[in-house]
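Please open the structure in the viewer and display side chains together with the backbone.

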Amino acid sequence: MLVIGLTGPTGAGKGCVAELFASYGLPILDADAIYHELLCPPSACLDALTERFGNTILNAEGTLNRRALAGIVFSSESALADLNRIAHRYVMEEIRRRLDHLRKENTVAAVLDAPQLFEAGAANDCNVIVSVLADPALRLERIVRRDGIGRETAKERMDAQYSDAFFRAHSDYVIENNDSTEQLLPTVRKILTEMGVLKA
């Protein structure tokens, strides 16, 4: 099975590109969605996060307060590293379990949609890496609008990630997402054709 790693910095519009891959019938393993599933109590992942960061990251009902956790990790490199270490362990275990299931079903190709593909070591599980990039100013506006946060907070999140140069250097394909999603469809089709997933 061909495993396509789909990644890119926050605000680049990677989710929209994932939908385009899905439109060709490819199963999408969304690492963020899997992470959120794994955080639903009772949760070994949430227990590990609480042990590291304390009960202040929990809502009254015992679920994760994502804004409280973000406030801690995006202002401290060591805290962010600890979050990633804990989260990546649990998420990658589940992703590999799902990939094995897809292989047993003789799936031709699947997309691993993971914003922290490299940080989690998930690139080693992929045959091809596709990165989605966008102009930093456009990314900033997208993050502010999507997450309902201030520009300074959004900038902190952007600065905590790899640079565009890193993604370009470590990817087999780069998709520039500065316009409408529809204009990206020919690019996605071309990539899938070159991979042999689609016929020319």
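A residue counts as buried when its relative accessible area is under 20%. With that cut-off, and bearing in mind that this is a predicted model, select helix α4, residues 66–73. Its buried residues are Leu69, Ala70 and Val73. These three span an arc of only 100 degrees around the axis and therefore lie on the same side of α4.

Move to the N-terminal end of α4, which is capped by Asn65. Here a side-chain oxygen of Asn65 lies 3.2 Å from the backbone nitrogen of Arg67.

The angle makes α4 oblique to α5. To view the contact, select Leu69, Ile72 and Val73 in α4, which meet Ala79, Leu80 and Leu83 in α5. By class, this contact comprises 6 nonpolar residues, with no polar and no charged ones.

Finally, select helix α2, residues 31–38, where Ala31, Ile34 and Tyr35 are buried. They cover an arc of only 105 degrees around the axis, so they sit on the same side of α2. Among the elements covering these buried residues are β2 (28–30), α3 (44–53), α4, α5 and β3 (109–113). At the start of α2, locate Asp30: one of its side-chain oxygens reaches to within 3.0 Å of the backbone nitrogen of Asp32.

Note on methods. Residues numbered from 1 in each chain as written. Predicted model: local features only at pLDDT ≥ 70, side-chain atom pairs only at ≥ 80, totals over all residues. Heavy atoms only, no water. Axes fitted to C-alpha atoms, helices over the stretch in contact; angles between N-to-C directions. Helix = DSSP H or I, 4+ residues; strand = E, 2+ residues; numbered from the N terminus. Parallel < 35°, antiparallel > 145°, perpendicular 65-115°, else oblique. Contact = heavy atoms within 4.5 Å. Nonpolar A, V, L, I, M, F, W, Y, C, P; charged D, E, K, R; others polar. Buried < 20%, exposed > 50% of the residue type's maximum accessible area, 1.4 Å probe, protein only. Arc of directions from axis to C-beta. Polar contact = N/O pair within 3.5 Å; in protein donor to acceptor, adjacent residues only side chain to side chain.
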